[in-house]
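Here are my notes for you as you look through this structure for the first time. Keep the viewer open and find each part as you read.

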Amino acid sequence: MKPSGFSLIELLLVIIVIGTSVFLLANLPNALNLISKSNHLSLAREIASKQIEDKRSINYVNLVLDTSDISDSRLSLLPSSSGTVVVENCDVAICTNSEHIKKIIVTINWKDNNKNQTINLETFIGEGGINQ
Amino acid sequence: MIKKQTGQVILALILIMTVALAIGLSVVQKSLVDVSTSTKVEESSRAFSAAEAGIEKALQPGSTCGANCISFSENSSKADVAGGNLIPCIPGSPGCTEISGQQQTPLEYPPLAREEVAHFWLADFTSTLNPPSQFYNPPNHTLDVYWGDSAFPSDKAAIELTLVFYNGTKYDFKKWYLDQASAIRNPPPIGFDTVPCSGDNIITSTVADPTTCASSQVTYQCKVTLGSLPPNMMLLRARLLYNTNSQPLAVQATGSGGSCTGVTYNGCYIPPQARAITSTGASGETQRKVKVCQVNKVVPPYFDYAIFSVGAISK
């Protein structure tokens, strides 16, 4: 009489397959979060780069030393986002000859899964420099 | 009843699980690649901003900038700057690789589009005299001009050269119209001299060399030696014609020998007049490089059709 039931190999295979698929499925929401996080990071970088390019197209003498909020329509695509552009004079430590250089700092903050994310771009704009 | 289809359920189960596994793996792989890419792109932006900051600092008059010129510790980016000295340097002067008496390196211009003008100073443009004191006046009264990029063998450029000089009482000019392929022009050019471009026409610049204005290593199409040059040369303006691609050009002083010394170097060399600044920004493992060529006191192209005058012009 042939015994009914499952062989050992069949059982082992099933356990392995089910275990792996459960592991993957459990990580699926994690992976989707990572994709969304990297999309946000790319978008934030684009917004920050554009802010710098916008500042470069302004004449050096018209660059006002201040802190202003970023107003980019794409900022609304980032959850709980805010951004600032700071224009200040170059550090004396770097600009030892008191050159006519202003420092631009662009900071964008947003939240991914209630964790604060931030990106920071810094550059110089000089009188008679690039795009001036 | 005999069960004939044993083991089919488990087969189906394995097939379904394999498909689910494949889907899950691809999602995980995409997310890993995405995160890695976006991190690298962000670092790339920071590195580029730092590189631009380095250029801005180096362009300021009186600024000295070298390795670690810029360091933004708050967002971990920095920039190293190379170049910035006036080129072409005078052989034998401090910091110049050529020793006294050697031929000066050519002054290479970044690629020019058709009808754009390149400007080379031959007089001392820092001179306060009117007219400016002469600088280039070699014993053999010649100047080498290179133009065209051999990487575009079917895009042959012609060149129009205008030499402005002071003849003792007023400014005068001498023009050359040189074409390497007049036969293919339609309509055929009038008044152009045909130059056979072959042989000794190679200058190669090194891409990695920060002290040249050339944007890449170039083998030029043509070389011509302008002869019988008058004294008191002021400047040379060059315009490329008939080219489709932007092509580079260069001039080289022909003076050399032991007599090329003294305050005015016996007129052997052209004055250092341009700066090539290369800034390499780094953030994390990513590097971005920006190169800028700066030429000072250049007259805009429409002045080709204006008048150079020693005194006031009255109508």
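1. Let's begin in chain B, where strands β4(B) and β10(B) pair in an antiparallel fashion over five bridges. To see one spot of this pairing, look for A118(B), which stands opposite A238(B) in β10(B). Please keep in mind throughout that this is a predicted model.

2. Now zoom out from that pair. β4(B) and β10(B) belong to an open sheet of five strands with the order β4-β10-β6-β7-β8 (chain B), and the pairing in it is mixed. Which strands are at the edges? They are β4 and β8 of chain B, and each of them pairs on one side only.

3. Next comes the largest nonpolar core, which has 33 residues. V145(B), W147(B), L161(B) and L236(B) are the residues with the most contacts inside this core. Which strand gives the most to the core? That is β10 of chain B (residues 233-241), with four residues. In soluble globular proteins, nonpolar side chains tend to be buried together.

4. Stay with β4(B) for some aromatic rings. Counted over all chains, there are seven aromatic pairs. In one of them, Y109(B) and F120(B) have ring centres 5.3 Å apart and planes at 65°, so this pair is edge-to-face. Y109(B) sits in strand β3 (residues 107-112) of chain B and F120(B) in strand β4 (residues 117-121) of chain B, so the pair ties together parts that are 11 residues apart in sequence. Both Y109(B) and F120(B) are buried. The rings of W121(B) and F125(B) have centres 5.8 Å apart and planes at 35°, so that pair is tilted. Are these two residues buried or exposed? W121(B) counts as buried at 11% relative accessibility, and F125(B) counts as buried at 13%.

5. Strand β12(B) deserves a careful look. It is mostly covered, with 10 of its 10 residues buried. A274(B), A276(B), T278(B), T280(B) and A282(B) point one way from β12(B), while R275(B), I277(B), S279(B), G281(B) and S283(B) point the other way.

6. What does β12(B) pair with? It pairs with β2(B) in the antiparallel sense over nine bridges, and K78(B) stands opposite A282(B) there. Another 10 bridges join β12(B) to strand β13 (residues 286-295) of chain B, again running antiparallel. In β13(B), K291(B) is the bridge partner of T278(B). The hairpin of β12(B) and β13(B) has two residues between the strands, and G284(B) takes a positive phi near 65° in it.

7. Some backbone details are worth checking in the viewer. Most residues other than glycine have a negative phi, and most peptide bonds are trans. Against that background, the peptide bond from I87(B) to P88(B) is cis, with omega near -5°, and P88(B) lies in the loop between β2 (77-87) and β3 of chain B. The bond from N186(B) to P187(B) is also cis, with omega near 0°, and P187(B) is in the loop between β7 (171-179) and β8 (193-194) of chain B. N68(B) has a positive phi near 55° and is partly exposed at 46% relative accessibility. N266(B) has a positive phi of about 55°; its place is the loop between β11 (247-253) and β12 (274-283) of chain B.

8. Finally, turn to chain A. Four strands form an open sheet there in the order β1-β2-β3-β4 (chain A), with antiparallel pairing. β1 (67-69) and β4 (115-126) of chain A each have a single partner strand, so one side of each is left without a neighbour in the sheet. From one strand to the next, the twist averages 20°. Three bridges join β1(A) to strand β2 (residues 82-89) of chain A, and T67(A) stands opposite V86(A) in β2(A).

9. One last stop brings the chains together. Helix α1 (residues 8-59) of chain B lies across β3 (101-112) and β4 of chain A, running at about 20° to β4(A). Also in chain A, the charged end of K102(A) sits over the ring of Y60(A), 4.4 Å from its centre.

Key. Residues are numbered from 1 along each chain as its sequence is written. Chains are lettered from A and ligands numbered from 1 in the order in which they are written. This is a predicted model: local features need pLDDT of at least 70, side-chain atom pairs count only at pLDDT 80 or more; totals for chains, interfaces and linings use all residues. Side-chain values use heavy atoms; hydrogens and water are left out. A nonpolar core is a set of buried Ala, Val, Leu, Ile, Met, Phe, Trp, Tyr and Cys residues joined through side-chain atoms within 4.5 Å. Buried means under 20% relative accessible area, exposed over 50%, partly exposed in between (1.4 Å probe, protein chains only). Two strands pair if DSSP finds at least two bridges between them. Axes are lines fitted to C-alpha atoms, for helices over the stretch in contact, and angles run from 0 to 180 degrees between N-to-C directions. Contact means heavy atoms within 4.5 Å. Rings of Phe, Tyr and Trp (its six-membered ring) pair if their centres lie within 6.5 Å; planes under 30 degrees apart count as stacked, over 60 as edge-to-face and the rest as tilted. A charge sits over a ring if NZ of Lys or CZ of Arg is within 6 Å of the ring centre and within 35 degrees of the ring normal.
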